[in-house]
Amino acid sequence: MEFFRGVNVNWLGWKWYFLAFSMIFSVAGISKMCWNWSHIGTPVPLSVDFRGGTEVYVQFVNRPDSEAIRKAIDAAGINDARIQNYDDPRLNEVLISLPRQSDESSLDTGRQQIVNALHSHYNNPFNDAGIKVDSVGATVGHQLESQATRAVLWSMLGMLVYLWFRFQLIYGVAAVVACFHDTLITVGAFALFSKEISLTVIAAILTLVGYSMNDTIVVFDRIRENLRLSRREPLPDLVNRSINQTLSRTVLTSGLTFITVLSLYIFGGEVLKGFSFALVVGILIGTYSSIAVAAPMLVAWQEFRSGKGKAALPSAAKRGR
Amino acid sequence: MKQNLKQRIALIVAVLLVFLFGIFRIPEGISGKALLAAMQKQIHLGLDLQGGVHLILQVQVQEAVSDETDSAAARVRDTLKTGGFTYSQVIKPDPNKPELIEIDGTAAEKASDVRSLLDGKFSNEYDLNAGGTENSWTLTMKPVVEKDLEQKTVGQAIETIRDRVDSLGTFEPIIAPYSLGANQILVELPGVSDLDKVKGLIQSTARLEVHAVMGGDGQGFQDEQAALASVNGALPPDQYIVPCQGDMACHGNPNTVYILGRAPVVSGTDFRSADPSTNSNTGGQIVRFTLTDEAGERFWDYTNANVGKYMAIVMGGHAREVAVIKNGIRDTGEIEGSFTESEVTMLSKMLRTGALPASLVFLEDRTVGASLGADSIREGVTAAVVGVLVVMAFMLIYYKSSGINADLALFLNLVILLGFLGFSGATLTLPGIAGVILTIGMGVDSNVLIFERIREEIRAGKAASAAVDQGFANAWRTIVDTHVTTIVSAAMLFLFGTGPVRGFATTLTFGLLANLFTAVYVSRVIFEAHLNKLKPGEMVSI
């Protein structure tokens, strides 16, 4: 059984459509992020890991009534609480969020107040032991944010240097640009659909960066091999051919990985929702970017350089074994 | 060739066994339950999977610095007094700068003498400078010394917390410096659900006291009756009977009791530090301790008057250790009482951890209810298993018999990865599982790369053996590039990240290394075995 025998698509011919597609989604994502910034203070909704605050997850025996819960909490003098139903309605679970306290010593009072308020004013039993509480002070949230960002930037730099060494600088740059593109669109998706970014979502983003890089390198590797074999072929044709040759593998791997993360999204439960959403979007965009962003960038660079009378790319072929 | 092949297969089986051992060690039995239990002991689950309590505390180290400079200021006063120099005051002018001591009002004509005196006594730890006004001086704690003190304070706080948490009987608590911020401590207690109890326990000032031994001397009484008999049944109101705890006080008899003075001579907050050491004269094991200045005065009065008598260290209402007073002790002293080396270490720890060196502020606390944790594991595992099974089935359909190679390689990959986790004792968290997913993805990718290449070579007309050779050779380059790039990225994440990000980087690196082995070496061996069985001219099923 074989899917892609003898495919011959002119991928680079579509580059303006690809550019338009990427621009539309990037701009949509960025504008939503700006809108978010002015309305909620951060470009993307942040989970309690990063923004600080208290989140109490309570599972009730009977179906919870948000209004009654809100009255109970108000009665205890807690304002600014946000109440929402959580996960599968059959689980009767509710998420109560309090905003960040400026003073760290009051970190614990929020949780205790909520539990007491519910016990005294709301007549719906719940299991104390099953309560999940996250209280994050301002300091830690902020530290985490800056540290996670720094780690990701360093890792991208590391990859760029390695690719520079194995191929040529433009390959490294193109690959990293493709990764940035993927991250931007994925984070934009979170902004557009108003989904929260938590620490596990950051892990998912790291995964998709790795995946996108993997995909891009496979295409680059084929380009490098073909460059070595046929010096005369015009670059756009060679790149197209390389993509077509690897298409079978690309669709297969992406398809299979996509099925796995889709299964995770559908069956994996509420806690993993943000995580699996990032992966679902990320795998698609990661595959897309190798063909639509990285490859055209290589060709554009070559054409720019040869416009100056210099053939830049073939020297990459000398570096690979 | 066949011999070589047999050796290679043996190697692969050996690797499989080694890593299975890493996952299960020696399980009780082969049943599903026994295996699961064995695996749970080896592979540690993070809090987000297991449920438990997660705390981040900040040690207020400036309090420790302040304590230290307080006692230094007292020493300055003493030094100036005994040297016969006048001064108007020795103060700490700025509460926000606890490392700074100011000395005012020294005699102008004695300036150089004052300088050399203070320099001589304090230059190890403080920098002496002329103060802002006439005839005044400042002593500033050296930054190196301050840093050292801060680290020591955090270390002491960790030990104290560990001791207290131990009483909860938690399996595998994590109490460690939190590398994100300065002077922060991470506490993770899997399986514990009562957050308030834990916080109370950690923050409480445990009661450790030194009491005078009034009756029973070093050995104590056999039991309570014997103790009462020694005072004819009438215990004075300022004494009380204290049971023993632990070998050092009980001497093998759990009913041993002592009669102690009710009021403590010294209590927990009076100890500044305690370290194990050896007596240079007798070679015996001793504990060197320091008390705060004020406590030192009290202790001096007491010990001077009671040389040759015994004192008991009481913790949590039990006598833990009884020792003889050898000489007057002010604020530094030694406790000697025929200890072994392990006993002094333990005793020092007990003295040190009796009190928190500085107060703790909670920066973050989370509880994951055990039931919620178990749910997310179950759902995640189900989804992952479904995904992997679909992938495996697909490989069989698409690549026919060669699909088995890929499936075996994938299975072995997971075994090696879990085995790595078991051996290294690393903790598996949700981000770690993300790393596993990426590994599976890249594992599948490697196999697909190789197989597609082999198909290409077959299409180009090569014979079975040559096609396999070329396929592997070509794909190897790509696989090396993708894997090394990702490992470089994981290394950066590990270096610059903490906690969850590190967990991700760790599982990813292990998985990729395993993949390099399985997708190339193992898969190749299986192909060779298969090729050996082919008749000449027959093609591989791919």
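Guide: Let us begin with contact: two residues are in contact if their C-beta atoms, placed from the backbone, lie within 7 Å. The model shown here is predicted.

Visitor: With which residues is B:Ala434 in contact, leaving aside its neighbours within four places in sequence?

Guide: They are A:Ala203, A:Ala204, A:Thr207, A:Phe275 and B:Phe504. Their C-beta atoms therefore lie within 7 Å of that of B:Ala434.

Visitor: What makes B:Ala434 a member of a nonpolar core?

Guide: A core joins buried residues of kinds such as Ala and Phe through C-beta atoms within 7 Å. B:Ala434 belongs to the largest nonpolar core, of 128 residues, and is among those that touch the most other members, as are A:Ala204 and B:Leu417. H7(A) gives the most to this core, with 17 residues. Another core, of 52 residues, lies apart from it and includes A:Tyr57 and B:Leu57.

Visitor: How many residues does each chain bring to the contact between chain A and chain B?

Guide: Chain A brings 61 residues and chain B brings 63 residues. On the side of chain A, the largest share, 15 residues, comes from H5(A). By class, that side has 31 nonpolar, 21 polar and nine charged residues.

Visitor: Why is the crossing of H14(B) and H15(B) given an angle of roughly 145°?

Guide: Angles run from 0 to 180 degrees between N-to-C directions, so a value of roughly 145° can be given to these axes. The axes come within 8 Å, and the crossing is right-handed. The contact of H14(B) with H15(B) has 10 nonpolar, six polar and two charged residues; among them are B:Leu449 of H14(B) and B:Phe472 of H15(B).

Methods. Residues are numbered from 1 along each chain as its sequence is written. Chains are lettered from A and ligands numbered from 1 in the order in which they are written. This is a predicted model: local features need pLDDT of at least 70, side-chain atom pairs count only at pLDDT 80 or more; totals for chains, interfaces and linings use all residues. Helices (H or I, at least four residues) and strands (E, at least two) are DSSP runs, numbered from the N terminus. Ala, Val, Leu, Ile, Met, Phe, Trp, Tyr, Cys and Pro count as nonpolar, Asp, Glu, Lys and Arg as charged, and the others, Gly among them, as polar. A residue is buried if 20 or more other C-beta atoms lie within 10 Å of its own, exposed if 12 or fewer, and partly exposed in between; C-beta atoms are placed from the backbone. A crossing is left-handed if the near helix is turned anticlockwise from the far one by less than a right angle, and right-handed if clockwise.
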